[in-house]
Amino acid sequence: MDHKRYFLEKFGVTDRLLERCLGEALSAGGDYADLYFESVAATSLGVDESIVKSASQGVSAGCGVRVVSGERTGYAYTDDLSADRLLRAARTAALIANGPATQTVQGFTETEVPNLYPAPAADLDTDLASKLDLVMRADRAARKYDPRVTQVRASYADELRRILVAASDGTYASDTQPMARMNVFVLAKDATRTAKGSSGGGGRVEIGYFAGPKRPEHFAEEAARTAILQLSAVAAPAGEMEVVLGPGWPGVLLHEAVGHGLEADFNRKKTSAFAGMIGRQVASPKVTVVDNGRMPSRRGSLNVDDEGSATQETVLIENGVLKCYLSDKLSARLMGIPGTGNGRRESYQQIPMPRMTNTYMLAGEDDPYDIIRSVKRGLYAVNFGGGQVDITSGKFVFSASEAYLIEDGKVTAPVRDATLIGNGPEALKHVSMVGNDLALDEGIGTCGKDGQSVPVGVGMPTVKLDRMTVGGTGR
Amino acid sequence: MSTATGTGIDLQQLAAEVVRKALAAGASDAEVTIREGDEFSVSVRLGEVETLKESGSRGVGLRVLVQADNGYRVASTSSSDFTSEGIEHLVAGAVALAKVTSVDPFAGLAELGEFGQLDGDLQLYHEDVYSLPPPERIALARRAEAAAMAVDTRLVNSDGASFDAATGQRIFANSRGFAGEYRSSYCSIAASPIAQSQNGEMQRDYWWSQARAFRDLDQPEAVGQEAARRTLRMLDARRVATQQAPVIFAPEVARGLVGSIFDAATGDAIYREASIFTGKLGQQVAAESVTVVDDGTIVGGFGTSPFDAEGLPSRRTVIVERGILRNYVLNTYSGRKLGMKSTGNAGRGLAGNPYLDAGNLFLEAGAEAPDAILRSVDQGLYVTRLMGQGVNPVTGDYSRGAAGLWIENGEVAYSVHEITIAGNLNDMLRNITAIGNDLVFRGATAAPTLRIDGMTIAGE
């Protein structure tokens, strides 16, 4: 079904109803109102102990109504898309303002959107057999990798989200957003130790993606390799040292160290350690960081953001100088800065806010081998779990799940899990070498902010930081 | 405010009907969960309303089990569509999905005698969370923030203050005749001021009060003032040298350790041999002073429920008693895998198999005053904030970002940040050398002040 007509055909949402709801939303004097319709169908399958123990499907639909009056936002939502309920939600949200209506609803102009990902026609893909095949193959590949593998869990999950955004400023946009992902979790055991390894990936893709280079065996072998490696890991070192981050997912450093701190809402309120620093040197001149919502098929990509604005590539830091914040409509208007198409939300039940899409550092000129060779004693971290940042103090952490000691320019023993900590506005000033090997992550990132989770991407070339604190227990 | 219930559908009847339809469609057993909830939320910042949200939603989940020679195939579906067409789709989808899953010899509902629920009023629901008109709810958030900002001129900015209220209803029914329903309510006040030191460094902390009844909430002024105190004490934070030193966990971070103990004791982790507690039932796993209990029966508790997500009565389970691992926490499936009975700790989402969930989880209070524990440390860290996930449940490796206060000669010397604390849970639990008498439930998991020796602090 054409996504432009989906909410009309399935729920009877006509343009006239949209206009009525927006009019009702502005009836108490709001400056701006928008409606966000969302319909989601999701499937997941899991193999565990070599049998398919779980299979589930879910559907949900709803609409969120937002009214903005100055810096105030009123919000209400409904999971019943009848005209009555929509109008009632609009009246509830309207009460954030207090007075007679002053704004009228503009005629709709459709946002021009690219075509970054496939838009499957079927509501729920009923081809379960091929999904089952993926998880069973992952199970077999992980077990085959090494006899020390004792437990394997593999899952496949996909989702199809349809959205329609209509706003009183004339914004009108719709999109169909697919997402698919595989995950493999492995336990390995030897005489004395047990260790875990995990791997996963995907994006705004269809199942055919997993027939390419990122086939189930790829994720399974990667998870098994990590678990086996961890069986012989030594204690991670403790203290400040040189740190080399591998390409790809270690770009989570950027997400935590600078990305969140550059979200416009925090800077409008001056609660971010980066507030007022546009034009200032916040990183080494070797560092250029962009946020790009327009990469084909990427997990963090969107044809249109959740406020109906076109997404774009935004340069955040250019040669170490802070250039731009990531904004949504509210922040752009209140700060008098351009919108960057970064207004996102977890679901129709949530108020949108500035969020990252795919955030990465551009490649430099150094050979990754030279970078390792330049380190006398340090840590080489190639894979990470999650991270977290306190945007006010600027302190951020990210946890290495695969890392090695570097001794006299050589990568030596693998180390056990350790958290790295740094200070956002300072950390990237210590970047002394940037590799020529930019890679993006495999499509596993989920970012949390104010209780809302959204899918994101990160990326980075091999990077050397002259100093960073490593939270191990060893020497 | 009662939005979703206004539709006139009796949800208990609906749950029973979905069970019947699932059996008619070919399921051997079925479980139905219905959740309905309303929320109100207001945030203010620098005295002005920033966001105001008011709404309700609901969902239904079905899990079907189809018997085979040697076990069951299971599958589940969920939906927000309560129309008869939506329900038909829910049922047909689940039964169709069950055709593709494997026969699992350990799957299946609990035994008949195990189902049940606690009697009496557990005081989980109080009308008064919605008794205040919206302007007064807004005023509560304003008062909390104003009280915080008034404490000190170094409080120059605010991340806002909020008042939240929510009510929910949960219905569960299965094909073995269990039917249960309960309502719960919740409200909270929180404040998060920002302080700035002369050199421009900013610090933010927060404090909150939550309760099931509005009348049990702390005064907004008390919440704001405590948030201010916590924020101000972090100003002019330094880093410290990398070293081994005693670490005192404040109650609000100590409860994370109790959560790790629960995770290690879950049947799921045990049968997979993915836990530091694997095979250690009856053995010493923590210092002799340590007792950890999960109790889903405490009247009015944040983790209390009359029955778990499989329709078994909530109960009290001693996990660690005087340092000895006494019990695993189990649902029906993990119990069966281990040859044991469920401890009534099943949790679940709308769709998916049951998982393991804590009730009111706590480490029992000790005898020492928190001040006395601080005074017992010559040189060490009083940690008030932890960052990152940094706990490996399989190996017990623990490494997290930390901030707090540095202790010298039993006194607070200065605040510290941008450091990590690291160790291994196996050692950390054995090296708990002092337990405070300050156990207070500020959520479903609680712990008193804890002193742990032998951890590594990484800094400069």
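Modeller: The centres of domain 1 of chain A and domain 2 of chain A, taken over C-alpha atoms, are 23 Å apart. Domain 1 covers 3–231 and domain 2 covers 238–471, with bounds from an automatic or database domain assignment. Please keep in mind that this is a predicted model, in which local features need pLDDT of at least 70, side-chain atom pairs count only at pLDDT 80 or more, and totals for chains, interfaces and linings use all residues. Residues are numbered from 1 along each chain as its sequence is written, while chains are lettered from A and ligands numbered from 1 in the order in which they are written.

Let us start with the contact itself. Domain 1 of chain A brings 38 residues to it and domain 2 of chain A brings 26, two residues being in contact if their C-beta atoms, placed from the backbone, lie within 7 Å. On the domain 1 side, two or more residues each come from β1 (32–48), β2 (51–69), β3 (72–78), β5 (149–167), β6 (171–189), β7 (194–203) and α5 (216–231) of chain A. These elements are DSSP runs numbered from the N terminus (helices: H or I, at least four residues; strands: E, at least two). β6(A) gives the most to this side, with 7 residues. By type, the side divides into 16 nonpolar, 13 polar and 9 charged residues; Ala, Val, Leu, Ile, Met, Phe, Trp, Tyr, Cys and Pro count as nonpolar, Asp, Glu, Lys and Arg as charged, and the others, Gly among them, as polar.

Now for the packing. Val184(A) has contacts beyond its neighbours within four places in sequence, including Ala138(A), Ala142(A), Val152(A), Phe219(A) and Ala223(A). In the largest nonpolar core, of 208 residues, Val184(A) is one of those that touch the most other members, together with Ala142(A), Val186(A), Val64(B) and Val383(B). Such a core is a set of buried Ala, Val, Leu, Ile, Met, Phe, Trp, Tyr and Cys residues joined through C-beta atoms within 7 Å, where buried means that 20 or more other C-beta atoms lie within 10 Å of a residue's own, again placed from the backbone.

Finally, the neighbouring chain. 62 residues of chain A meet 60 residues of chain B, and β2(A) supplies the largest share of the chain A side, 12 residues. β2(A) runs parallel to β3(B), joined by 4 bridges; strands pair if DSSP finds at least two bridges between them. Val59(A) has Ser79(B), in β3(B), as its bridge partner.

Terms used:
Buried ≥ 20, exposed ≤ 12 C-beta atoms within 10 Å, placed from the backbone.
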